Structure formats: C-alpha cells, structure tokens
Amino acid sequence: PSSRLAHAAAAHEPALVVPHTIMYSDIGFDVSQDGSFLVLCEAYPAQGAETAAVVRSLAPASLGVALFRLSLTGSAILTSLQLSRSGRHLLMGYGRATRQPQTRAPGADGDER
C-alpha cells in the first residue's frame, strides 16, 4: 500500500517550478502550439527589480532551460505574452507603472477629487 501511495504522490509533483514568475493578468504567459516552449515574465529582486520576458524549454531533455531572455528597462510591466504558431516570434504587451497604488479611499482626508 505504501508504494502505491508514493507513486500517486509522485504523479502529482510539479514537473517545472519557476520561482521568479510574475503575472499581471491571465494572459501573462503562453505555451507554444507544439508544447515545446513556455514564455513568461520573471522578476529578479536581487538584480534591482529587473523584469524580463523569458522563453523556457518544455522539452523533457532540457525542461526549464532559459532559451531566450529579453530584459525590460525601468518600471516596465508585461501584461500579455503570446508566441506565434511557429514559436519563432513573440508578441508582448507592456506598459509602465505611472503612479503608486492608492492606499486610502478618495476623499478620506477631505479631498473631493
């Protein structure tokens, strides 16, 4: 019984974990049509909060290997990523954070704006 339990648990283990992944929307990543590439946004806090679009391999022999990395400057935010059908081209939607998130309700201090 314990070997069956271990096998069942192993079947549910993640095959790939990418710890620096960030997503601003549900289209913040894509898998190529043939299932061989994964593109996502990664942030590296230790490197000055650098953000990059990264294409990783999903092939069993090179699972998770970064094949391509495009660093974004400043406060760029990747909002969407899409690979072409061939997997040779990447369409990115991005913008910049222009202001800090609001931390209090408008008018809380008497300001009616």
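Student: Which way do the residues of β4 point, and are they buried or exposed?

Tutor: In a regular strand the side chains alternate between the two faces of the sheet. Here Glu50, Ala52, Val54 and Arg56 point one way from β4. Thr51, Ala53, Val55 and Ser57 point the other way. All are buried. Buried means under 20% relative accessible area, exposed over 50%, partly exposed in between (1.4 Å probe, protein chains only). Strands (E, at least two residues) are DSSP runs, numbered from the N terminus. This is a predicted model: local features need pLDDT of at least 70, side-chain atom pairs need 80 or more, and totals for chains, interfaces and linings use all residues. Residues are numbered from 1 along each chain as its sequence is written, and side-chain values use heavy atoms, without hydrogens and water.

Student: Why is β4 described as largely enclosed?

Tutor: Eight of the eight residues in β4 (residues 50-57) are buried, so the rest of the structure largely encloses this strand.

Student: Which strands pair with β4?

Tutor: Two strands pair if DSSP finds at least two bridges between them. Strand β3 (residues 37-44) is joined to β4 by eight bridges, antiparallel. Tyr44 has Glu50 of β4 as its bridge partner. Six bridges join β4 to β5 (residues 66-72), again antiparallel. There, Val54 stands opposite Arg69 of β5.

Student: Where is Ser36, and what does Ser36 touch?

Tutor: Ser36 lies in the loop between β2 (29-31) and β3. Its relative accessibility is 19%, so Ser36 counts as buried. Contact means heavy atoms within 4.5 Å. Leaving out residues up to four places away in sequence, Ser36 touches Arg56, Ser57, Leu58 and Ala59.

Definitions and conventions: Helix = DSSP H or I, 4+ residues; strand = E, 2+ residues; numbered from the N terminus.
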